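Thanks for passing this one along. Here are a few notes to read with the model open beside you.

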Amino acid sequence: MSDDPDQRPRFEIFRGSAAPSLAECQCMTPVGDTPNMLATLAQFPQMLESGGEQVDVPYRRPGMSLARLWLKSGFPLPLHSHDCDCLYYVVAGSVQLGNETLVAGDGFFVGSHVPYGYTAGPEGAEVIEFRTTDSFEIRLKDKSAAAWEKMAGQMIDSRERWAAEPPPVRRMPEKV
C-alpha cells in the first residue's frame, strides 16, 4: 500500500477472518530496559502460551491501524506505554482500569507515552484498539522480579480455566 495519501484507496472493506495475529503483523516493537522482567524469562514461554490473550490486526494502513483483543477473565495487561495515541472501545465483557470498571460501550483514550494497564473482568473482555499509526513501540514498565514471577505464575495457573472459558457476550448497559 502506498504511503502517498493520493494513492491510497478511498474506500476499503476488510475481513476479520483474514486478520493476521499481532505477531504475524510485526507492527509492535518492544523497546526499553526491563531487567527484572528479563530475569523471569524462563517462565515466559508458558505464560505466553496460557491462552489468556488473543490479538489480531484486522486493518492496517499508513497512519492508522485497528487491533482486536480477546482477553480471558482476570488476564492482566501490565503497565506499559506506546509511542502513539490509542483509543480503546470495550465491545463485550469488562475491564478494570485503575478504580474504574469499563463495560461494553465504554472506552478510553491514552496519549502517546502515557503508561497504563488493565485487567479483564470476570467474563473476560473483547476490546478494539484504534491507533494513529500502522507500526508502534511498546515500552513495558519494569517491576520487581517477584512481581513478574507472581504474574507469570497466575497466568500459568489459569491456563486450564482459560481453555474452557467462552468469549464474553456483548451486553450493552441500559441508558441512565
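This is a predicted model: local features need pLDDT of at least 70, side-chain atom pairs count only at pLDDT 80 or more; totals for chains, interfaces and linings use all residues.

1. His 82 counts as buried because its relative accessibility is 4%, and the cut-off for buried is under 20%.

2. Do have a look at the side chain of His 82, which makes a polar contact of 3.3 Å with the side chain of His 80. Leaving out residues up to four places away in sequence, His 82 also touches a set of residues that includes Met 28, Ser 112, His 113, Arg 131 and Glu 137. Tyr 88, Tyr 116, Phe 136 and Ile 138 are also among them.

3. The largest nonpolar core has 28 residues, and Tyr 88 and Tyr 118 touch the most other members. Elements giving two or more residues to this core include the helices α1 (22-25) and α4 (145-157), along with strands such as β2 (53-61) and β5 (86-97). Strand β8 provides the largest share, five residues.

4. Beyond its neighbours within four places in sequence, Tyr 88 is in contact with His 82 and Tyr 118, among others. Its partners also include Asp 106, Gly 107, Phe 108, Val 110, Val 127 and Ile 128.

5. Finally, a look at helix α1, where Ala 23 lies. Is Ala 23 buried or exposed? Ala 23 is exposed because its relative accessible area is 65%, and the cut-off for exposed is over 50%. Ala 23 and Asp 56 are 33 residues apart in sequence, with 8.2 Å between their C-alpha atoms.

Note on methods. Residues are numbered from 1 along each chain as its sequence is written. Side-chain values use heavy atoms; hydrogens and water are left out. Buried means under 20% relative accessible area, exposed over 50%, partly exposed in between (1.4 Å probe, protein chains only). A polar contact is a pair of N or O atoms within 3.5 Å; within protein, one must be able to donate a hydrogen and the other to accept it, and residues adjacent in sequence count only if both atoms are side-chain atoms. Contact means heavy atoms within 4.5 Å. A nonpolar core is a set of buried Ala, Val, Leu, Ile, Met, Phe, Trp, Tyr and Cys residues joined through side-chain atoms within 4.5 Å. Helices (H or I, at least four residues) and strands (E, at least two) are DSSP runs, numbered from the N terminus.
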